[in-house]
Amino acid sequence: MSLAHAAAEYMLSDALLPDRRGPRLKGLRLELPLDRMVKFIAVGFPLLLMSLAFAQEFSSGPPIRCFCPSNFSIRQAAYVDSSCWDSLVHHELDELGQHKMKSLWPHKALPYSLLALAVVMYLPVLLWQYAAAPALSSDLLFIISELDKSYNRSIRLVQHMLKIRQKSSDPHVFWDELEKARKERYFEFPLLERYLACKQRSHSLVATYLLRNSLLLLSTSAIYMYLGHFHLDVFFQEEFSCSIKTGLLSGETHMPHLITCRLTSLSVLQIVSLSSITIYTLLVPVIIYNLTRLCQWDKRLLSIYEMLPAFDLLSRKMLGCPINDLNVILLFLRANISELISFSWLSVLCVLKDTTTQKHNIDTVVDFMTLLAGLEPSKPKHLTHRIGDENP
């Protein structure tokens, strides 16, 4: 028996989680993987296009090329290019013969509009970082720590039970005390469960998360409106008629009234417009999927931690509407599953519990580790029969 108890003691000691003190959980993820992907694409993509637009402008020279009369000098032609780019107004006659002007400013504002787009798409990220991330970080630190501590308390409790059983001369006294402790729920540590139950009545995190994704959808809609209203109007116009007879040149009779210019940067605007519509259209289903995840509970994570004492949110049917802070916390616990050392141990114990032949006697990790340590999870039948024979 001494070898059996020593082996059980070694097994329980190995099952204990290491005590993590000092600076820990520095790599805590305060953004879900899909949210981070949306952030990098929604903010980084316009910045990439902006850098490409500036690079094209510096490498290819002037973004327009005007067809000046042959009697113009090189300096006069350069002046025409500069003047037409500064004004960027198309002059034409409508069907009634009236003079009509059309501004082509989206070509000039393209890099700056992309910068403004990146800033607008980053605003929901800033909202989350300053309004929700600090509270979420403290919640995750406490919950992860308590889950691991609750697992360790269960293992230490089995170690203590093993020592008491080894020292007890009368097995009846040991089993009577054990059944009394279970009936009085001495093994349960309800602080974490009550804390999580309180989070079901809180809605600050979920409101911020909903606001973040709603702002992303609203910003995407604004992008569609901007591209459709301004870019579509100049999308196919490669040439325009520019008037240079303004200011000091208004009285020059030898100069033509209109000069035809060609937009060499039209292909850049077309590529930016089409790629932006494609990318943000692909992001919309991802954002909507992030919102729909709040409509259901992550019951697999909860079912695994149901093996801890006093963590029976599922079995007591304490879960109501999933749109609350608890569901957001569960999503981030799943994203930080690598920080939950107890998760891997409990996952293994859940698999073993489902395959054992004594399922009805195993409810918590205390029961299962008691069985692995060589103790019956409940009073042996021969002791029960003996008590019945002594008390007919």
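Me: Is the disulfide of Cys66 and Cys261 right-handed or left-handed, and what is the torsion about the S-S bond?

Reply: A disulfide is a covalent bond between the sulfur atoms of two cysteines. This is a predicted model. In it, the torsion about the S-S bond of Cys66 and Cys261 is about 100°, so this disulfide is right-handed. The S to S distance is 2.0 Å.

Me: Which parts of the chain does the pair link?

Reply: Distant ones: Cys66 sits in strand 1 (residues 64-66) and Cys261 in strand 5 (residues 258-263), 195 residues apart.

Me: Is Cys66 buried or exposed, and what of Cys261?

Reply: The cut-off for buried is under 20% relative accessible area. Cys66 has 10%, so Cys66 is buried. Cys261 has 0%, so Cys261 is buried.

Me: How many disulfides does a search of the whole structure find?

Reply: Two. Besides the link from Cys66 to Cys261, a disulfide joins Cys84 to Cys242, with S to S 2.1 Å. The torsion about the S-S bond of Cys84 and Cys242 is -100°, and that link is left-handed. Cys84 belongs to helix 3 (residues 74-87) and Cys242 to strand 4 (residues 239-243), so the pair ties together parts 158 residues apart in sequence. Both Cys84 and Cys242 are buried.

Me: What is the pairing when the bonded cysteines are numbered in sequence order?

Reply: The pairing is 1-4, 2-3.

Technical notes:
Residues are numbered from 1 along each chain as its sequence is written. This is a predicted model: local features need pLDDT of at least 70, side-chain atom pairs count only at pLDDT 80 or more; totals for chains, interfaces and linings use all residues. Side-chain values use heavy atoms; hydrogens and water are left out. A disulfide is a pair of cysteine sulfur atoms within 2.5 Å. Helices (H or I, at least four residues) and strands (E, at least two) are DSSP runs, numbered from the N terminus. Buried means under 20% relative accessible area, exposed over 50%, partly exposed in between (1.4 Å probe, protein chains only).
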